[in-house]
There are 2 protein chains.
Amino acid sequence: MTYELYYWDGIPGRGEFVRLALEQAGADYADVARNDGGMARMMAIMKTMMGGVTPFAPPFLKDGELVVSHAANILLYLGSRLGLAPEDEAGRITAHGLQLSITDFVAEIHDVHHPIGVSLYYEDQNDEARRRSENFREERLPKFLGYFERQLRKNGQGQVHALGATLTYVDLSLFHLIEGLRYAFPAAMTAVEPDYPLLVALNAQVRELPRIKAYLASARRLAFNEQGIFRYYPELDRR
Amino acid sequence: MTYELYYWDGIPGRGEFVRLALEQAGADYADVARNDGGMARMMAIMKTMMGGVTPFAPPFLKDGELVVSHAANILLYLGSRLGLAPEDEAGRITAHGLQLSITDFVAEIHDVHHPIGVSLYYEDQNDEARRRSENFREERLPKFLGYFERQLRKNGQGQVHALGATLTYVDLSLFHLIEGLRYAFPAAMTAVEPDYPLLVALNAQVRELPRIKAYLASARRLAFNEQGIFRYYPELDRR
């Protein structure tokens, strides 16, 4: 059965964490909203008053009749099916906990450029965004990166992995997190990366996985831009 | 085995979503950080460099050696064990998706009073908070409440439940969400509650569950206050 991923076209966004897992597993999937008529299908699923619970927002995944919403929930669901999660229950729960911390971090990264409201333009909350970016760079960025670095250090021998000795979806998400932060805060990241050698090593290691490498070079990989979560506004980066 | 819940003392906070499930199930649990020496034990678990992954932040649950982090992950873990989740996998995944939307909403509610940074005092981000509260009351509050109301309407016949015909942890969390919003935004909630009759009915229904009723009247239930997620600042409420 083909997995159907539903996510906005035009930005990597939260859908990208799911895409990376599907790509690394070589899974059969459709990126529905990027195909003809796909946006209409996505909106129809979200708005229907028939059937069961509908997603609050994309991304969501359809596997046959089952609809799985929220990126972390999708990765929990796909992890064992795609061989990208620990095999034991304790490991799967721990992986999901890490992914939920990534989720929280991603929300904070988004809110740096949208501290007042998602419905307002960036230009209409620019002063607040500058103030928030300062707090983000000084406190939140080192807090989250330091946390993930410590988890890698605890686990690490040889190849870098968040959990155990094999690749999981958490590693793929941490790869993308570093990619996004480098895009959005190039000066800040250049300054702090030496403090996080294992995150940097993990990023390089994932980038060289044959399937990920092919994916990154393909048209399926969307570029970061100023419509997504990770946005480059020079005034929000380190001076 | 006694479940050990770890969460800050003094506020209901994110720990409350877990407490309500433990209380409704009559589970044997310890609220560790509220007992003598408990704060030190909580911090020791978070800071250790021994063993596996540590939580990014409370709440977390210990069940024997297993540490489960993030409220939604804890509820996913406890749901089937406490009889507060659907029995089939599809139902459990759907319940978790709803809980993750509650998680997102709770984060937005928190950020109304802390739009610039969690480390700054409210007084130092009061102007930004006023602006964000306006956007929250006009757009985010109706968007989230409308979403949850529609899910209840789809499911509802007789007793109100988010999923199927029985009580789940999602119902308990929706109860608490309404309680918190009433505390933080009394004027706004008085104005909009008629639009959400099923959420209001579910709240009343949960409040009368014998174990929840006893819990709410006990010293174990902490009062809302201006250190937590749901804070009452009149200037952020509807005029």
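**Helix crossing, chain pairing and domains**

Analyst: The crossing of H4(B) and H5(B) is left-handed, a term for a near helix turned anticlockwise from the far one by less than a right angle, clockwise being right-handed. Helices (H or I, at least four residues) and strands (E, at least two) are DSSP runs numbered from the N terminus. The model is predicted: local features need pLDDT of at least 70 and side-chain atom pairs pLDDT 80 or more, while totals for chains, interfaces and linings use all residues. Residues are numbered from 1 along each chain as its sequence is written, and chains are lettered from A and ligands numbered from 1 in the order in which they are written.

User: Why is H4(B) called roughly antiparallel to H5(B)?

Analyst: Their axes come within 9 Å and cross at roughly 165°. Axes are lines fitted to C-alpha atoms, for helices over the stretch in contact, with angles from 0 to 180 degrees between N-to-C directions. Angles under 35 degrees count as roughly parallel, over 145 as roughly antiparallel, 65 to 115 as roughly perpendicular and the rest as oblique. H4(B) is therefore roughly antiparallel to H5(B).

User: Which residues of H4(B) and H5(B) make the contact?

Analyst: Residues are in contact if their C-beta atoms, placed from the backbone, lie within 7 Å. H4(B) contributes Leu98(B), Phe105(B), Glu108(B), Val112(B) and His113(B); among those from H5(B) are Phe136(B), Arg140(B) and Phe144(B).

User: How do you know that the two copies are related as by a two-fold rotation axis?

Analyst: Chain B can be laid on chain A with an RMSD of 0.0 Å by a turn of 180° and a shift of 0.0 Å along the axis. The copies are superposed by least squares on C-alpha atoms of residues with pLDDT of at least 70 in both. The relation is thus as by a two-fold rotation axis. In chain B, the C-alpha of Pro115(B) is nearest the axis, at 2.8 Å.

User: What makes the copies meet through the same surface?

Analyst: 100% of the interface residues of chain B are also interface residues in chain A, so the surface is the same. In this interface, 35 residues of chain B are in contact with 35 residues of chain A. H4(B) gives the largest share of chain B's side, 10 residues.

User: Into which domains is chain A divided?

Analyst: Chain A has domain 1 (3-81) and domain 2 (89-209), with bounds from an automatic or database domain assignment. Their centres, taken over C-alpha atoms, are separated by 22 Å.

Technical notes: Two residues are in contact if their C-beta atoms, placed from the backbone, lie within 7 Å.
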